[in-house]
Amino acid sequence: LGAGTGAVGLAACVLGGDVVLTDLKSCLELMRQNIKYNITVLKGKADAQVLEWGENTSEFQPLPNIILMADLVYYEEKLVDTVFSLSTPETLVYMSYEIRVTGNKPKLEATFFKLMSQHFITNEISYSELNSKYRSKDIKIYVFKMK
């Protein structure tokens, strides 16, 4: 969700996952170009589609087994509604984000987790479980699963 350039989803595809990169219409061509430019290293299937949070998700069938989100915690309630509508009891939602302490970011973070907790069990991946070469104290990774 909110793929932007598609880097996270394309990395999953390089590892063999079948992925659908989603973002606003303004990002669609960029996502498609990045799929095309990386096609020789992709081991899974990749597609790019428009998805505005809060809009109808019924065309996204079958529902995904895994949803990847990177740095989206500071967005609106529509994100939580969209994640919920794309999830089944088997879906795992992986989210990474950078902790930010300026402005209204702490409040937005608290609101996001409160909204997610209405539908999902939340588990933080502990710092010690992360690869020591790539981990950072200000980057958090969570896994959400429907209640």
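# Reading charges, a helix and a sheet

Tutor: Start with lysine 140. At 23% relative accessibility, lysine 140 is partly exposed. Partly exposed lies between buried (under 20% relative accessible area) and exposed (over 50%), with a 1.4 Å probe and protein chains only. This is a predicted model, where local features need pLDDT of at least 70 and side-chain atom pairs pLDDT 80 or more, while totals for chains, interfaces and linings use all residues. Residues are numbered from 1 along each chain as its sequence is written, and side-chain values use heavy atoms, without hydrogens and water.

Student: Which residue forms a salt bridge with lysine 140?

Tutor: Side chains of opposite charge can pair when their charged atoms come close. The cut-off is a side-chain nitrogen of Lys or Arg within 4 Å of a carboxyl oxygen of Asp or Glu. Here the partner of lysine 140 is glutamate 124, with the closest N and O atoms 3.3 Å apart. Lysine 140 sits in strand E6 (residues 139-146) and glutamate 124 in strand E5 (residues 120-124), so the bridge ties together parts 16 residues apart in sequence. Helices (H or I, at least four residues) and strands (E, at least two) are DSSP runs, numbered from the N terminus. Glutamate 124 is partly exposed too, at 39%.

Student: How many salt bridges does the structure hold?

Tutor: There are 3. Asp71, Glu98 and Arg100 form a network of them. Aspartate 71 meets arginine 100 with closest N and O atoms 2.8 Å apart. That pair links distant parts of the chain, 29 residues apart: aspartate 71 is in the loop between strand E3 (66-70) and helix H3 (77-85), arginine 100 in the loop between strand E4 (92-98) and helix H4 (105-117). Glutamate 98 also bridges to arginine 100, at 3.6 Å. Each member is partly exposed: aspartate 71 at 29%, arginine 100 at 27% and glutamate 98 at 31%.

Student: Now helix H2. Which residues of H2 are buried?

Tutor: An α-helix has 3.6 residues a turn, so residues three or four places apart point the same way. In H2 the buried residues are Cys27, Leu28, Met31, Asn34 and Ile35. Down the helix axis they fall within an arc of 140°, so they line one face of H2. The arc is taken over directions from the axis to the C-beta atoms. Ser26, Lys36 and Tyr37 are exposed on the face turned away from the buried side.

Student: What do the buried residues of H2 pack against?

Tutor: They pack against helix H1 (7-14), strand E1 (19-23) and strand E2 (46-50). Contact means heavy atoms within 4.5 Å.

Student: In what order do the strands of the open sheet run?

Tutor: The 4 strands are ordered E3-E4-E6-E5, with mixed pairing. E3 and E5 stand at the edges with a single partner strand each, so one side of each has no neighbour in the sheet. Two strands pair if DSSP finds at least two bridges between them. E5 and E6 are antiparallel over 5 bridges. Threonine 122 has phenylalanine 144 in E6 as its bridge partner.

Student: Which strands does H3 lie across?

Tutor: H3 lies across E3, E4, E5 and E6, at about 160° to E3. Such angles run from 0 to 180 degrees between N-to-C directions, with axes fitted to C-alpha atoms, for helices over the stretch in contact.
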